[in-house]
Amino acid sequence: MTAAPDRYAVFGQPIAHSKSPRIHGLFAEQTAQAISYTGQEVAPEQFADAVHAFFADGGKGLNCTVPLKELAWQLADRKTPRAELSRAVNTLALEKDGSILGENTDGIGLVADLTRNHEIDLVGSRILVIGAGGASRGIIGPLLEQSPESLVIVNRTVFRARQIADEFRRLGPVSSCGFEDLRGQHYDLIINATSTSLSNQLPPLPDGLLTDTGSCYDLAYGNAPTTFVLWGREQHARYSLDGLGMLVEQAAEAFYLWRGVRPETRPVIDLLDAERKNSAG
Ligand code: NAP
């Protein structure tokens, strides 16, 4: 009799749209790992009970998405240093002693997509991060590890950007500002970590922010180009990318943490990209 596959899942609310079951299914097939991975709708107030029930029932690992990442940070018995700093956890793993480890793979996923998949060199670069929510907190540390010349966080509510800059300053040259301070500034990379694309809006950005070879990256993604991706194209960005690559890369980091096997991400990104282009008509 063959053993039942190890069980993994993503918890979130809503969850029906999540591509994580598909991505992990493709990773499992590619690496011949016997796992099952499902999506489960979990409300914040059910989160702690649902996590403990999942692990008590033999589950091995979880991803947590909106709006559960901060709760996952609170729940984890132990956190990696990058998860600790980001105050958000997107990956939970059951340890041998029964304790729950919390990790945040969003930032390393973004850096992998930028540097490996698109060969964007962040060393010595000037980076602008728009937004000071959970996603922004998750990416600042891994971006600073790439030794940029400077990293500026701009946010509608300026004090939230200042708070993050203060927390991460010991890791590198990070500062904060408001949108009105951007005019006349130039950046090699502009990252949209706000939720504006989800409602087809744009942050209030002046024209001319990008250097000649500068690129744009929207953490959001959809079947059609996001409003920020379209803005980047209008600004003649070298690359104007959305967050599909980051999504697959952060999943690969979680898969590696759980299974000790690193899946190839390129074929999975290409497949999902082709599928969404087909569905967008
Ligand atoms: P969040 O915690 O709700 O933060 C929202 C941010 O957007 C805040 O900084 C907020 O500013 C700003 N904002 C909202 N509406 C705005 C507007 N009209 N103009 C200017 N700023 C506005 O959201 P989050 O969890 O950080 O997620 C942000 C985005 O990242 C989402 O699109 C999410 O899907 C994406 N994401 C993608 C991945 C991936 O793997 N690709 C992973 C994680 C997240 P205030 O502080 O002023 O309210």
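Colleague: How many residue pairs are in polar contact between domain 1 and domain 2?
Modeller: This is a predicted model, where local features need pLDDT of at least 70, side-chain atom pairs count only at pLDDT 80 or more, and totals for chains, interfaces and linings use all residues. Residues are numbered from 1 along each chain as its sequence is written, and side-chain values use heavy atoms, with hydrogens and water left out. A polar contact is a pair of N or O atoms within 3.5 Å; within protein, one must be able to donate a hydrogen and the other to accept it, and residues adjacent in sequence count only if both atoms are side-chain atoms. With both residues at pLDDT 80 or more, the count between the domains is 7.

Colleague: Which helix gives the largest share of the side of domain 1 that touches domain 2?
Modeller: Helices here are DSSP runs (H or I, at least four residues), numbered from the N terminus. H4 (81-86), H9 (244-259) and H10 (266-279) each supply at least two residues of that side. The largest share, 6 residues, comes from H9.

Colleague: How many salt bridges does the rule find across the interface?
Modeller: A salt bridge needs a side-chain nitrogen of Lys or Arg within 4 Å of a carboxyl oxygen of Asp or Glu. Glu-167 and Arg-87 form a salt bridge at 4.0 Å, N to O. Across the interface of domain 1 and domain 2, the rule's count is 3.

Colleague: How far apart are the C-alpha centres of domain 1 and domain 2?
Modeller: An automatic or database assignment sets the bounds: domain 1 is 6-104 + 245-280, and domain 2 is 107-242. The distance between their C-alpha centres is 24 Å.
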